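Here are my notes on the model you sent over. Have it open next to you while you read, and go through the points in order.

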Amino acid sequence: MYSAEEIIDILDIRLSKKRYQHSLNVAEEARKLAGHFDYPDPEKAYITGLLHDICKEIPKDEQLAMVKASDLDVTDVEIETPPLYHAIAGAWYSEQVLHIRDKDMLNAIRYHTVGRAGMSRLEEIIYLADLISADRDYKDVNKMRKISYQSIEKAMLEALRFSVTDVVGKGSMLPKHTIEAYNHYIAIKKKDKERTETK
Ligand SMILES: [Fe+2]
Ligand SMILES: [Fe+2]
């Protein structure tokens, strides 16, 4: 497998300065979240963070070709939504070109845009690190940062609530993975509530 330094060199060639810096920031944030939540392999989180947007700046038709070549449970809605291609393309590229064989890393890249039900801890870490990395400056980013270090499940629900509302607000189609992810974290919240009520 490529070392972090080698991957950083590849990013430097493939990405604009801004996206390159974002990728480094997401990797740092992912390593920090991993440490905070005792995820056993913070270095794996770091490298996955580096890779997550590796295909973001290649032409959309090339991204689509990789999406079509991949066997990663791609839905029709995703095929209709070009901004989502880069996650699937990134997982394909990481596997086929960079020879990354770790399924969990590949899934974390693949689902960093849409989420899914039953995400692994690494998938959650990458999804959230992408939202709260140092370069992010949307209105509620500090609130999101705070919740992310309190509870991954709460942060995922908050992030998905925002994502669903945003997609619907724009009049776009919702990928089924996102709906299933949202329902999944709602179910966790309900279970938590029932547990505290019966105590
Ligand atoms: Fe992305
Ligand atoms: Fe990103």
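**Notes on the fold and packing**

1. Reading along the sequence, the protein runs α-α-α-α-α-α-α-α-α-α-α. That makes 11 helices and zero strands, where helices (H or I, at least four residues) and strands (E, at least two) are DSSP runs numbered from the N terminus. Keep in mind that this is a predicted model, in which local features need pLDDT of at least 70, side-chain atom pairs count only at pLDDT 80 or more, and totals for chains, interfaces and linings use all residues. Residues are numbered from 1 along each chain as its sequence is written, while chains are lettered from A and ligands numbered from 1 in the order in which they are written.

2. How does the overall size look? The radius of gyration of the protein is 16 Å, which agrees with the value near 16 Å for a compact globule with 199 residues; the radius is taken over C-alpha atoms, and the globule rule is 2.2 Å times the number of residues to the power 0.38. Along its principal axes, the C-alpha trace spans about 55 × 35 × 30 Å.

3. Of the 199 residues, 39% count as buried. Here buried means that 20 or more other C-beta atoms lie within 10 Å of the residue's own, exposed means 12 or fewer, and partly exposed is in between, with C-beta atoms placed from the backbone. Among contacts with a separation of 6 or more, 59% come from residues 24 or more positions apart; two residues are in contact if their C-beta atoms, placed from the backbone, lie within 7 Å.

4. Now look at helix 8 (residues 121-132) against helix 9 (residues 141-150). Their axes come within 9 Å and cross at roughly 150 degrees; axes are lines fitted to C-alpha atoms, for helices over the stretch in contact, and angles run from 0 to 180 degrees between N-to-C directions. The two helices are therefore roughly antiparallel, given that angles under 35 degrees count as roughly parallel, over 145 as roughly antiparallel, 65 to 115 as roughly perpendicular and the rest as oblique. The crossing is left-handed, meaning that the near helix is turned anticlockwise from the far one by less than a right angle (clockwise would be right-handed).

5. Who meets whom there? From helix 8 come Leu128, Leu131 and Ile132, and they meet Val141, Met144, Arg145 and Ser148 of helix 9. By class, this contact has five nonpolar residues, one polar and one charged; Ala, Val, Leu, Ile, Met, Phe, Trp, Tyr, Cys and Pro count as nonpolar, Asp, Glu, Lys and Arg as charged, and the others, Gly among them, as polar.

6. Helix 8 also packs with helix 2 (residues 17-36), the axes coming within 8 Å and crossing at roughly 125 degrees. This pair is therefore oblique, and the crossing is right-handed. Val26, Glu29, Ala30, Leu33 and Ala34 in helix 2 are in contact with Ile125, Ile126, Leu128, Ala129, Asp130 and Ile132 in helix 8. The classes here are nine nonpolar, no polar and two charged.

7. Helix 7 is worth a look too. Six of its eight residues are buried, namely Met105, Leu106, Asn107, Ala108, Ile109 and Arg110. The cover over them includes helix 3 (42-51), helix 6 and helix 8.

8. Ile152 sits in helix 10 (residues 152-169). Is Ile152 buried or exposed? Ile152 counts as buried, because it has 21 C-beta neighbours inside 10 Å. Leaving out residues up to four places away in sequence, Ile152 touches Phe37, Glu124 and Leu128.

9. Most residues other than glycine have a negative phi. Asp73, however, has a phi near 50 degrees; it belongs to the loop between helix 4 (60-69) and helix 5 (76-79) and is partly exposed, with 13 other C-beta atoms within 10 Å. His99 has a positive phi of about 60 degrees. You'll find His99 in the loop between helix 6 (85-96) and helix 7 (103-110), and it is exposed, with 9 other C-beta atoms within 10 Å.

10. Last, Lys189 in helix 11 (residues 176-198). Lys189 is partly exposed, with 13 other C-beta atoms within 10 Å. Its C-alpha atom is 8.5 Å from that of Leu157, 32 residues apart along the chain.
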